[in-house]
Amino acid sequence: MYAYDELDRTLINERVSEFRDQVKRRLSGELTEDEFKMLRLQNGVYLQLHAYMFRVAIPYGTLSSKQLRRLAHIARRYDRGYGHFTTRQNIQFNWIKLAELPDALAELAEVGIHAMQTSGNNMRNVTSDQWAGVAPGEVEDPRIWSEILRQHTTLHPEFSFLPRKFKIAITASEHDRAAIKIHDIGLRLHKNADGETSFEVLVGGGLGRTPFIAKTIKPFVHGRDILNYVEAILRVYNQYGRRDNIYKARIKILVHELGIEKFAREVDEEWRQMGHSALTLDHSVIEEVRSRFSYPAYEKLPHMPDELKQAAHDPLFERWRKNSVAPHKVQGYSIVTLSLKPVGGPPGDATADQMDAIADLADKYSFGEIRVGHEQNLALPHVAKRDLPQLWKALDRLGLATPNVNLVTDIIACPGLDYCSLANARSIPIAQELTRRFANHDTADMIGRLHINISGCINACGHHHVGHIGILGVEKNGEEFYQITIGGRADENAQMGALIGPAVPYAEVADVVEDIVEAYLALRDRPEELFVDTVKRLGVEPFKERVYATR
Amino acid sequence: MPLVKNGRIATDLFVHVADGAELPGDGAVLLSSARFLEDPEAILKRAGKTGVIWPNSRAVDDLVPYLDRLAAVALVFPTFRDGRAYSQARLLRERHGYDGELRATGQVLRDQFVFMSRAGFDAFEVKKDADADAFAETMKRYSVFYQPTGDGRVTALNRRMQLRHSESAGQ
C-alpha cells in the first residue's frame, strides 16, 4: 500500500475546499449549470437519469480496509446502502445529493481517497493490474509507476482541459489484466539487457463508437524518461486533437488520422525538444516513491498446509478454490478473487454491509488490503493458504463466493438505462437473466473461460467490443435491440469482436447467447479449447449458421 | 472586463487596435496575429510597446523570432473547455524563454486561475467582476503542486527530497 504523506493529504483537502466553494457558488446561482458542469465532472460528479452519480477514484485498484469501511459508510450515510465497482477500478454511488457532496468528499479525504479526475476531459484515474505486486513472474510492482503517474496527472496545469478524456493503464505481467491495449496510453513494464526498468508505450486504444486497439509507439522508453515521454504525447494531443466533434476528439482518432508513424515523429520531436527536463526521474526520486509502499511481512509457510488438504474433501470448497484462488508469488499464500457477480444480481455491486465485512476479512486474512479489478470483482491479495477454508466459509455467508470468476456468468456490464442518461437500452437485467440461465455451476465449469460484456449504448462502458461475447444495446423505433459480437478480447492479444448477425430484441438476447454457447460446445476441438480460440479457429460463420438458422 | 495583473486589478495600458484601424504613433498596442505578421518589423519599430493576440490554433513557433521585442502576448481561450493555450503558454515561457506579459483572454474564469498561473500566465482578462475580485483569494487555494512547471513553485517531490536530505544530514 502507498501511504499518503502530509503533502498528499494537504492537496486532497485543498481540493475538497475548492469543490465546496464551487458547489456553494452553483447552489447560489453564481455559477451557471454550463460553467459548473465541467467543474463537477472534474470531480467525478455526473447528472444521471434520476440523480447525481458520484464516482470515487481507487488509484490502480488498491484499497486498505480502513478505506473500504469509509466507502461503506459513504454508501450508507449519503447513498442507498450500496456502491458499484466499475471497469476502471473506481466505485460509483448513484443517489448522491449535490449539497451533501462536499461533506462526503471531506470524509473520504480523511482516509486518503478522492474523486479527482474520475470524469471530465482530463487524465483519468491511472489503472493497473489488480494483482500488482503479488502476481508470480511480474517484472516489478507496477504500482510504483502508477503512483508516480497518479501524482503527475493530478491537477496537471497543462492537461486539465484536453479535447477529451484520457486514460492510462499499466501492466508488468506477460498476461495483461489491465486491458492496456484499449487505453489512450498503455504501458507495459519490462527490463532491458542491463536489468533497468523500461516501458513499451502503446497509444490510441479505445472503445466507443470508433474502436481501436492501441499501437506500439515506442518499444522501449527508459523508466527515468517515462514522464517526459507521456508529457510529449499529451502535448501533441492537446494541441492537435480534434475539438470540433466530440466523437472524434479522442487521441485514437488523431493517431488514426495522422497514422502511427507520423504521430510518433511528432511525439519524438516534442520529446527531443523537451530535453533533460525537470520531469526526468532520478533513481533517488523513484526510490522515494517506492519507499512509501509498504509490503506485508509474509510468514514462511508450507506450500500445502494440512488445513487445505483436509478441506479438499469438500467438493464445494474445491470448486471455489479451483475457480477463485490464484497463485501468489510468495509460497504458502494465494490471491483470492471475490465474485461480485451473484446469480441474479447486478454485476459489480456491493452493499455497505458486504464492504464492511470484506474490510474485516481483509484485516483478518489479507494484511488489511483489498484490490479492485476491471472485471468488476474484488480480490484479497495476500491470503495464507491455511486460511482459505475459513475465508471461503465467511465469503459464502456473505454471498461473495460464487465460483464463477472468468466464467460465463462473470459478466461485465455498464449501468445501462436503469441509471444512465446516455444509454439506449438496459444492461443490468440482461446480465441478471444470463446469470440465471447459466446458474448451474457445473455447466459453467464445463463451458470454461468465457467473458460476456454488455454495454447499454455505443459509448461502450461495458467494453462490449472486447467481450468474448459482446452485447451492445441500441434503440430501434423506440425499442431496445441488441447487437451481438463474438471473438473479442481485452488481454495481451486484444481484438474487437465480430458481429454475428442482425440485432435482436430484448426478450431474445439470452436465447441467442445460449445458442452461441451451445454452438461453441458442439464446435470446439476439445474441452480445453476456449470459446475465443474456437471463434479464432473457425471464424464467425459456423456460429452464425447455427444461431441464426432458425431465426 | 477587468484586467488582473501581478495579482491585482490593474488598468490595461494596451489599446486593442482592430485589424483595419490605423496604428497610433505611440503608446502600447495589442494587435491580432494577422495584423502583426503583415509587417512585424515596421510595427516593432514604433515608439510604443507591442503586444500580439495569438490564436490557439497556430504554433507559437511563428512568433518566436519576435519574442524578445514583444511586451505582451495574449493567448486565447475561446471557451474555458479549450485548453490549447495552456500548452502554448508553457512553450513560450519554458522553451522559448519569453518573459514579457503573458495574458489570458477569452472565457477566463475563476476556477482556471491556478492552472493558468502555473502554466505561466501573469495577466488575466477576467470575464466576471466577482472573479477578478476573488483573484488573490483563489490563488491561495493550493499550497501543494505535483508537477514541475516554469512558474517556480516547488513541487511535492522536491519538498520530499529536501526533507530526506535534511533528515539524513541530521543523522
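Which residue is the bridge partner of B:Ala72 in E7(B)? The points below take this up, together with the fold of both chains.

1. Basis of the model. This is a predicted model, in which local features need pLDDT of at least 70 and side-chain atom pairs count only at pLDDT 80 or more, whereas totals for chains, interfaces and linings use all residues. Residues are numbered from 1 along each chain as its sequence is written, and chains are lettered from A, with ligands numbered from 1, in the order in which they are written. The model scores ipTM 0.96 and pTM 0.96. For chain B the pLDDT (the predictor's confidence in each residue, from 0 to 100) averages 95, and 98% of the residues score at least 70.

2. The sheet of chain B. The partner asked about above is B:Glu101, which is bridged to B:Ala72. Helices and strands are DSSP runs (H or I of at least four residues for helices, E of at least two for strands), numbered from the N terminus, and two strands pair if DSSP finds at least two bridges between them. Strand E6 (residues 72-77) and strand E7 (residues 101-106) of chain B pair in the parallel sense over 6 bridges. They belong to an open sheet of 8 strands in chain B, with mixed pairing and the order E2-E1-E8-E7-E6-E5-E4-E3. Its edge strands, each pairing on one side only, are E2 and strand E3 (15-16) of chain B. Helix H3 (residues 84-95) of chain B packs on the sheet and touches strand E5 (50-54), E6 and E7 of chain B, its direction making about 160° with that of E6(B). Contact here means that the C-beta atoms of two residues, placed from the backbone, lie within 7 Å, while axes are lines fitted to C-alpha atoms, for helices over the stretch in contact, with angles running from 0 to 180 degrees between N-to-C directions.

3. B:Ala10. This residue lies in strand E2 (residues 8-10) of chain B. B:Ala10 counts as partly exposed because it has 13 C-beta neighbours inside 10 Å; a residue is buried if 20 or more other C-beta atoms lie within 10 Å of its own, exposed if 12 or fewer, and partly exposed in between, with C-beta atoms placed from the backbone. Leaving aside residues up to four places away in sequence, B:Ala10 touches B:Leu3, B:Val4 and B:Lys5. B:Ala10 and B:Ala134 are 124 residues apart in sequence and 14 Å apart in space, C-alpha to C-alpha.

4. Overall form of chain A. The secondary structure of chain A comes to 18 helices and 21 strands. Along the principal axes, the C-alpha atoms of chain A fill a box of roughly 60 × 60 × 55 Å. Of the 551 residues, 55% count as buried. Among the contacts in chain A with a separation of 6 or more, 67% come from residues 24 or more positions apart.

5. A sheet of chain A. Five strands are ordered E6-E7-E8-E9-E10 in an open sheet of chain A with mixed pairing. Strand E6 (127-128) and strand E10 (215-222) of chain A are the edge strands, each of which pairs on one side only. Strand E9 (residues 197-203) of chain A and E10(A) pair in the antiparallel sense over 5 bridges, with A:Val201 opposite A:Lys218 in E10(A). Helix H5 (residues 142-153) of chain A lies across E6, strand E7 (168-171) and strand E8 (185-191) of chain A, running at about 160° to E7(A).

6. Positive phi values in chain A. A:Ala179 is not a glycine, yet has a positive phi of about 55°; it is placed in the loop between E7 and E8 of chain A. A:Ala179 is buried, because 27 other C-beta atoms lie within 10 Å. A:Asn477, also not a glycine, has a positive phi of about 45° and lies in the loop between strand E18 (469-476) and strand E19 (479-486) of chain A. A:Asn477 is exposed, with 5 other C-beta atoms within 10 Å.

7. The contact between the chains. The contact takes 30 residues from chain A and 27 residues from chain B. H1(A) gives the most to the side of chain A that touches chain B, with 7 residues.
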